[in-house]
Every structure is written in C-alpha cells, then in structure tokens.
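Here is a friendly walk through one protein model. Keep the 3D view open and follow along as we go.

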Amino acid sequence: NITNNELLGYVDKIDYVSSLDTFAREMTQNLAKDGITYLLVEKDGITDGMTRMEASSIRPYFLNIKRQSVLNYKQDTRGNFTQFTYSEIINVDVGYGTKEVNQTRCYIMKDGKCQVEIWQDSQLVDVIVSGLNFIPVFQVGHEYSPKCYDLAIINKNHFNLKSEQRFYVRRCSNPQMVSYLLDGSSGDIELGADKILNFNAPKGEAGFEIIEMSGNSNAVIQNLLDNDEIDMKKYITALISDDSTRTATEAKMLSSNSEAVLSYYAFLIEEALNYGIKVIGIYQNINLENDVVYVNRSFIDEKMKPDQIAQLKDLYINNVISWDKMIEALVDGKILYFEDQSDIDKMKESIVLNGIN
C-alpha cells in the first residue's frame with residue numbers, strides 16, 4: 001500500500017539495482033540459509049563540489065547484510081544497536097582499471113549521533129556523521145542454528161552411513177571362497193570353474209566352498225538410512241506445510257497459531273521492509289506512516305483441496321517435479337500445467353523410476 005510518489009520511485013530499484021520484490025526474495029533466501037540476516041538503510045552523504053542536481057539525486061537505499069559478513073555488534077538492553085561492523089568487497093579505481101578491496105564499515109553511536117567509520121587495509125579512510133540518532137540496522141530472524149544447517153547435518157550422516165553400507169556389502173555380502181588344506185607348495189593356487197584342484201588331505205578333511213556371511217548389520221544400516229530419509233522429508237515438508245510434527249523450539253518460534261515456516265519468514269521480511277520504509281521517511285523528512293508493505297502469507301491457495309496439496313508435495317519430495325514447479329502450482333492454486341509434451345514425458349519417467357502409484 002505505497003501511495004507516496006517519492007517512495008514509489010525508490011521501489012523499482014530499492015538498492016539501486018533490484019526491485020523491492022526481488023530484494024525481499026534474496027533476503028528471504030539468506031534468512032532461510034543462515035537463520036539471521038540484516039537490513040541496512042543507507043544514504044550517501046553530500047560532498048563538496050556536488051551540483052544541486054547531483055545532491056538532490058542522493059536517496060536512501062536498502063542493503064542486505066549477510067550473517068557471515070557481520071564482524072561484531074553491540075546492543076543496548078532494548079535491543080537497539082549501539083555498534084554494528086561488517087565487511088564488504090568494493091572496486092577501487094587504479095590507473096585504467098580497478099581492483100577489489102576488502103572494506104570494513106563500522107556504525108557506532110557517538111554523542112547521540114550515528115557515525116560511520118570506513119576502514120581499508122586496517123587504515124581509517126573516512127568518517128561520516130549521519131543525521132540519525134540511531135543505527136539504521138534491523139536484524140531479521142534469530143535462528144542461530146538454521147533449519148538448512150540441521151538438514152545438512154542429516155544429509156552428512158546419511159552420506160556416511162551409505163558409505164559404510166556399501167563397504168559392508170563389498171566385504172561381507174558378496175560370496176567368498178574359502179579353502180581347506182589346499183596344496184600351495186608349488187606356488188599360488190588359482191580357483192576356477194575349469195581348474196583342477198589338488199588336495200593334500202583325504203576327502204572330508206580338505207576342500208573348498210563358497211560361503212556368504214549372515215547377520216543383520218546391513219539391515220541395521222538400512223534402517224538408519226530410512227530414518228534419515230524420513231527426517232529429511234519432514235524438514236522439507238515443514239517449509240511448505242503447517243501439518244508436520246515440530247519440536248518444542250519450533251512450536252514456540254512459530255507461535256500458538258501454528259503458522260508454516262514460510263509464513264513466519266514472510267512475517268519477518270514484512271517487518272524488516274516496513275522498518276526500512278520508516279527509516280527512509282526519517283532520512284527524507286517525509287511522512288510515510290500510511291505507506292506499508294504487505295508480504296503474501298497465503299502460499300497455499302484455497303482453490304486447491306488439501307489432498308491435492310499433499311499430492312503436490314509428494315511429487316516434489318519424490319523428485320517427480322521441481323521445487324519451482326510445485327511453488328508455481330501452489331501460488332496459482334491450480335493443477336499442474338505443462339507447456340509441452342517433453343515435460344509430461346519427463347514426469348512420467350520420474351514416476352516410473354520412483355515407483356509412485
């Protein structure tokens with residue numbers, strides 16, 4: 001619900017490059033991947049020598065700071081940042097070319113004002129005093145151990161167990177030849193279907209046989225693999241559904257209304273974007289109280305029945321359709337639609353390979 005014309009002009013290139021929609025998608029990806037991401041609302045300062053047109057073109061913009069780029073920060077008892085430091089890679093002109101430089105920006109409160117220190121190669125190169133009385137950074141999310149990390153740990157365990165299972169199959173499940181009292185004094189003994197074997201002991205005392213080890217080691221490993229695969233599917237399903245079993249931590253995070261994880265992410269992104277809009281209003285000294293961004297939380301359209309949604313999820317989990325295809329169907333609230341016969345043939349092939357009824 002954006003009505004202010006000045007803000008409307010920012011939305012198409014909210015970070016000077018991407019639209020607000022694209023920016024929000026990228027921030028959602030970083031939130032899901034890292035558990036925490038940051039929104040910084042910045043505005044370059046007006047320097048000496050600028051024309052009036054150049055000065056008027058300076059406008060606030062959004063920056064999404066990834067979790068791994070944040071070096072350190074401090075907060076007061078209310079959760080407001082009193083210091084925020086992050087690193088970035090910038091291109092610096094050198095002769096007729098450019099080179100990449102690792103730059104550190106430190107936002108710190110001094111004398112009630114936000115001050116920005118810019119460091120390059122451990123040298124302080126600039127200090128900018130902002131007109132803000134706060135640091136314009138918003139933390140999005142609070143998962144110190146994101147779900148994608150948990151899923152990666154399960155995948156790693158699954159990979160290791162699979163390797164152990166294959167080793168066991170090679171060493172223990174394949175038939176092995178065992179000989180008793182074979183005469184090997186003349187050299188190596190070759191066993192084969194068309195070879196004559198000589199024994200140096202009476203029948204019953206010497207010979208050879210093909211044996212296969214018995215036991216349940218392989219079955220135990222297979223059971224562990226099956227359990228890991230079930231856990232993987234739970235994590236995947238939890239991202240697009242609100243009917244999966246959750247831990248106490250997950251239930252607390254998603255609150256009592258039992259929203260899906262994606263709906264919760266949508267709430268966090270919406271909260272961050274509206275914080276950014278407020279900061280833009282402060283930067284530009286304009287009233288943006290009625291300008292609000294709403295992020296869609298209805299990922300599953302009511303035009304689709306629950307059993308249709310479940311079938312879509314099963315098709316994705318069993319590698320019959322892609323993530324994009326499933327999301328497209330959920331957003332549109334329609335049955336699967338394919339543009340050409342080749343896509344249908346691929347889906348049929350996947351159904352046969354995965355043994356889906």
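## A bridge inside a helix

Asp21 is partly exposed, with a relative accessible area of 46%; the labels go like this: buried means under 20% relative accessible area, exposed over 50%, and partly exposed in between, using a 1.4 Å probe and protein chains only. Its bridge partner Arg25 is exposed, at 56% relative accessible area. The side chains of these two, Asp21 and Arg25, meet in a salt bridge with 3.4 Å from N to O. A salt bridge here is a side-chain nitrogen of Lys or Arg within 4 Å of a carboxyl oxygen of Asp or Glu. Both residues sit in helix H2, four residues apart, which is about one turn of the helix. Helices (H or I, at least four residues) and strands (E, at least two) are DSSP runs, numbered from the N terminus.

Before going on, a word about what you are looking at: this is a predicted model, where local features need pLDDT of at least 70 and side-chain atom pairs count only at pLDDT 80 or more, while totals for chains, interfaces and linings use all residues. Residues are numbered from 1 along each chain as its sequence is written, and side-chain values use heavy atoms, with hydrogens and water left out.

How many salt bridges does a search of the whole structure find? It finds four. One of them joins Glu42 to Arg105, with the closest N and O atoms 3.2 Å apart. Glu42 lies in strand E1 and Arg105 in strand E5 (residues 97-110), so this pair ties together parts that are 63 residues apart in sequence. Are Glu42 and Arg105 buried or exposed? Both are buried.

Lys110 and Glu117 also meet through their side chains, in a salt bridge of 3.6 Å from N to O. Lys110 is partly exposed, with a relative accessible area of 38%, whereas Glu117 is buried at 14%.

## The three-stranded sheet

Now look for the open sheet made of three strands in the order E2-E1-E8, with antiparallel pairing. Two strands count as paired if DSSP finds at least two bridges between them. Strand E2 (61-66) and strand E8 (137-140) stand at the edges with a single partner strand each, so one side of each has no neighbour in the sheet. From one strand to the next, the twist averages 25 degrees.

Strand E1 (residues 37-42) pairs with E8 over four bridges in the antiparallel sense, and Tyr38 stands opposite Gln139 in E8. Helix H2 (residues 20-34) lies across E1, E2 and E8, running at about 15 degrees to E2. Contact means heavy atoms within 4.5 Å. For the angles, axes are lines fitted to C-alpha atoms, for helices over the stretch in contact, and the values run from 0 to 180 degrees between N-to-C directions.

## The five-stranded sheet

There is also an open sheet of five strands, in the order E3-E4-E5-E6-E7, again with antiparallel pairing. Which strands stand at its edges? They are E3 (70-75) and E7, each with a single partner strand, so one side of each is left without a neighbour in the sheet. Ignoring direction, neighbouring strands of this sheet are turned by 25 degrees against each other on average.

E3 and strand E4 (residues 81-94) run antiparallel and are joined by five bridges. Gln75 stands opposite Phe81 in E4.

## Rings and a charge

A search of the whole structure finds 10 aromatic pairs. Rings of Phe, Tyr and Trp (its six-membered ring) pair if their centres lie within 6.5 Å; planes under 30 degrees apart count as stacked, over 60 as edge-to-face and the rest as tilted. Tyr16 and Tyr61 form a tilted pair, 5.3 Å centre to centre with 55 degrees between the planes. This pair links distant parts of the chain: Tyr16 is in the loop between helix H1 (5-11) and H2, while Tyr61 is in strand E2, 45 residues apart. Tyr16 is partly exposed at 40% relative accessible area, but Tyr61 counts as buried at 12%.

Arg59 lies over the face of Tyr16, at 4.6 Å from the ring centre. For a charge to sit over a ring, NZ of Lys or CZ of Arg must be within 6 Å of the ring centre and within 35 degrees of the ring normal. Elsewhere, ring pairs link Tyr38, Tyr73, Phe81, Phe84, Tyr86 and Tyr107 into a cluster.
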